[in-house]
Amino acid sequence: MRAAAKLNRVQSNVTTRIRQLEEHVGARLFRREGRNIRLSAEGHKLLGYAGRLLQLADEAVSEMRTGKPRGVFRLGSLESTAGSRLPPLLSRYHAMFPEVIVELATGTTGALIKRLANFEIEAAFVSEPFCVPQLQARAVFEEQLVLVTSRIVGELSGPADLRSSTLIAFAQGCSYRKRVEEWLATEDIVPDRVLEFASYQAMIACVAAGTGFAVVPRSVLSDLRSSKGIRQHDLPKQYALSRTHLVWNGEVSPALNGLISLFVDTREKPNLRRHGARFEKASI
């Protein structure tokens, strides 16, 4: 009776709701002791979950009202960016937003954009070229791509010098691989063989052993021991310069907004672009 009065409901309505809840969870939540009822062991367990759910709801409302980032932030990145660019950036981010837990996933540009479309991640660092309707982006890093071979290979005059060589690269969907394939195609060169790897360390070690050639950002080479056994070759400017973009799909959450703020001059607003049928360049 007291519960019904507190809830401003008739007794029969409260009894019916309890019975429906017990049927839904498949357990007896109350035990009757004479004219009184008490929570069962299962009822105490459900009460704990209910308290956590109410607390989470309060946190959600608080975050929406204050805009303070918290919770899990699922972020994607190219492996090169994760290894050479993100450590100091994520260190700053953690210092500014300690209540955010960053879950980082790496992959090729194509794979990351697919995960964005499926809402498996909230944002990602990808490389040019890419073209996705309704995708928002901000250019954040500029990379210098170089072609690498073993040290026994001499100077290269053009794609024809690599006619019988093996291309070492990430899987299809890698924008750097697309660039080198476009460069080779200018002289109708198609690699006799392609070896696909999932890490730059393995790729560079394979190149140093004389297996083939690869195209990588210059920024990743300084951290790889095996890079001492390779020779770097400059690419034509239109293939060598590549920009990394932070991209996202849909509304900007407080956690993502916090990341974007690290790239924005406090005197300026973010320079945001949409990527529709044609790729639009956004200034760094």
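The lining of the second largest pocket comprises 8 nonpolar, 6 polar and 2 charged residues. In this count, Ala, Val, Leu, Ile, Met, Phe, Trp, Tyr, Cys and Pro are nonpolar, Asp, Glu, Lys and Arg are charged, and the others, Gly among them, are polar. The structure is a predicted model, in which local features need pLDDT of at least 70 and side-chain atom pairs count only at pLDDT 80 or more, while totals for chains, interfaces and linings use all residues. Residues are numbered from 1 along each chain as its sequence is written, and side-chain values use heavy atoms, with hydrogens and water left out.

**Pocket and cavity**

- Both terms rest on a 1 Å grid over the protein atoms alone: a cavity is a set of points where a 1.4 Å probe fits but cannot get out, a pocket is an open set with protein on both sides within 12 Å along at least five of seven lines, and lining residues have an atom within 4 Å of a point.
- Grid points are joined across faces, edges and corners, and a volume is the space filled by probe spheres set on the points.
- The second largest pocket holds about 190 Å³ of space.
- This pocket is lined by 16 residues, and those closest to its centre are E79, G107, T108, F170 and A198.
- Helix 4 (79-84) and helix 7 (175-185) are the elements that give two or more residues to this lining; helices (H or I, at least four residues) and strands (E, at least two) are DSSP runs, numbered from the N terminus.
- The structure has 1 cavity of 30 Å³ or more, and the volume of the largest cavity is about 60 Å³.
- Residues lining the largest cavity include L167, F170, Y176, R177 and M203.
- At least two residues of that lining come from each of strand 7 (166-169), helix 7 and strand 9 (214-217).
- The lining of the largest cavity contains 10 nonpolar residues, no polar residues and 1 charged residue.

**Nonpolar surface patch**

- L21, V25, L46 and Y49 make a nonpolar surface patch of about 320 Å².
- Patches are made of residues with over 30% relative accessible area and no salt bridge, where like charges are joined within 9 Å and nonpolar side chains (Val, Leu, Ile, Met, Phe, Trp, Tyr) within 5 Å.
- Accessible areas come from the Shrake-Rupley method with a 1.4 Å probe, and for residues only the protein chains shown count as cover.
- Helix 2 (11-25) and helix 3 (41-66) each contribute at least two residues to the patch.
- Y49 lies in helix 3 and counts as partly exposed because its relative accessibility is 46%; buried means under 20% relative accessible area, exposed over 50%, and partly exposed in between (1.4 Å probe, protein chains only).

**Salt bridges**

- Side chains of opposite charge can pair when their charged atoms come close.
- A salt bridge is a side-chain nitrogen of Lys or Arg within 4 Å of a carboxyl oxygen of Asp or Glu, and the count by this rule is 10.
- R74 and E103 form a salt bridge, at 3.5 Å from N to O.
- This pair links distant parts of the chain, with R74 in strand 3 (residues 71-77) and E103 in strand 4 (residues 100-106), 29 residues apart.
- R74 is partly exposed, at 40% relative accessible area, and E103 is partly exposed, at 38%.
- In the salt bridge between R115 and E120, the closest N and O atoms are 3.0 Å apart.
- R243 and E128 also meet in a salt bridge, at 3.0 Å from N to O.
- The pair links distant parts of the chain: R243 belongs to strand 11 (residues 241-248), E128 to the loop between strand 5 (123-127) and strand 6 (135-150), and they are 115 residues apart.
- R243 is buried, at 12% relative accessibility, and E128 is buried, at 6% relative accessible area.
- Through salt bridges that share partners, E128, R179 and R243 form one network.

**Backbone angles**

- Most residues other than glycine have a negative phi.
- F119, in the loop between helix 6 (109-117) and strand 5, has a positive phi near 60°.
- F119 is exposed, with a relative accessible area of 62%.
- D188, in the loop between helix 7 and strand 8 (193-196), has a positive phi of about 55°.
- D188 is exposed, with a relative accessible area of 69%.
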